[in-house]
Amino acid sequence: MKIELTESAAKQIRKQLAGRGKGLGLRVGVKNVGCSGFGYTYDYADDVQAGDHTFEAHDARLVVDTKSLEFLDGSTLDYV
């Protein structure tokens, strides 16, 4: 299983973490948002929990839980 992270997205993650002053990376997930399907969630990752998967590229880290990874596998995270 794999999630790609562009250099632009990695740069933004590093910038946000530096401004915050702490954190391991970006936590990305998927949640049920009612009858309209699923929505993406984004938050700071301060730790890696049991069942989490990490992906690293361009000196930045993504943290994804197992359930969300089923939906995000093969995705590319970019920042424009």
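In the classification used here, Ala, Val, Leu, Ile, Met, Phe, Trp, Tyr, Cys and Pro count as nonpolar, Asp, Glu, Lys and Arg as charged, and the others, Gly among them, as polar. The model is predicted, so that local features need pLDDT of at least 70 and side-chain atom pairs count only at pLDDT 80 or more, while totals for chains, interfaces and linings use all residues. Residues are numbered from 1 along each chain as its sequence is written, and side-chain values use heavy atoms, with hydrogens and water left out.

**Exercise 1. The largest pocket**

Task: State the volume of the largest pocket, and describe the residues that line the largest pocket by class.

Solution. 

Step 1. The search runs on a 1 Å grid over the protein atoms alone; a pocket is an open set of points where a 1.4 Å probe fits, with protein on both sides within 12 Å along at least five of seven lines, and lining residues have an atom within 4 Å of a point. Grid points are joined across faces, edges and corners, and a volume is the space filled by probe spheres set on the points.

Step 2. Helices (H or I, at least four residues) and strands (E, at least two) are DSSP runs, numbered from the N terminus. On that basis, α1, β2 (25–32) and β3 are the elements that give two or more residues to the lining of the largest pocket. The largest share, five residues, comes from α1.

Step 3. By class, the lining of the largest pocket consists of eight nonpolar, three polar and two charged residues.

**Exercise 2. Strand pairing**

Task: Determine in which sense β2 and β3 run, β4 and β5 pair, and β2 and β5 run.

Solution. 

Step 1. Two strands pair if DSSP finds at least two bridges between them.

Step 2. β2 and β3 run antiparallel and are joined by eight bridges. In this pairing glycine 25 stands opposite alanine 45 in β3. The two strands form a hairpin with five residues between them, and glycine 34 in the turn has a positive phi of about 90°.

Step 3. β4 pairs with strand β5 (residues 60–65) in the antiparallel sense over six bridges. Phenylalanine 55 stands opposite leucine 62, and alanine 57 has alanine 60 as its bridge partner.

Step 4. β2 and β5 run parallel, joined by two bridges. Leucine 62 in β5 is also the bridge partner of leucine 26, and arginine 27 stands opposite valine 63 in β5.

**Exercise 3. Salt bridges**

Task: How many salt bridges does the structure hold, and where does the pair of aspartate 46 and arginine 20 lie?

Solution. 

Step 1. A salt bridge is a side-chain nitrogen of Lys or Arg within 4 Å of a carboxyl oxygen of Asp or Glu. The structure holds four salt bridges.

Step 2. Aspartate 46 and arginine 20 form a salt bridge, their closest N and O atoms being 2.6 Å apart. This pair links distant parts of the chain, 26 residues apart: aspartate 46 is in the loop between β3 (38–45) and β4 (52–57), and arginine 20 is in helix α1 (residues 7–20). Aspartate 46 is partly exposed at 40%, and arginine 20 is partly exposed at 30%.

Step 3. Another of the salt bridges joins arginine 61 to glutamate 56 (3.3 Å, N to O). Arginine 61 is partly exposed at 23%, whereas glutamate 56 is exposed at 58%.

Definitions and conventions
Buried means under 20% relative accessible area, exposed over 50%, partly exposed in between (1.4 Å probe, protein chains only).
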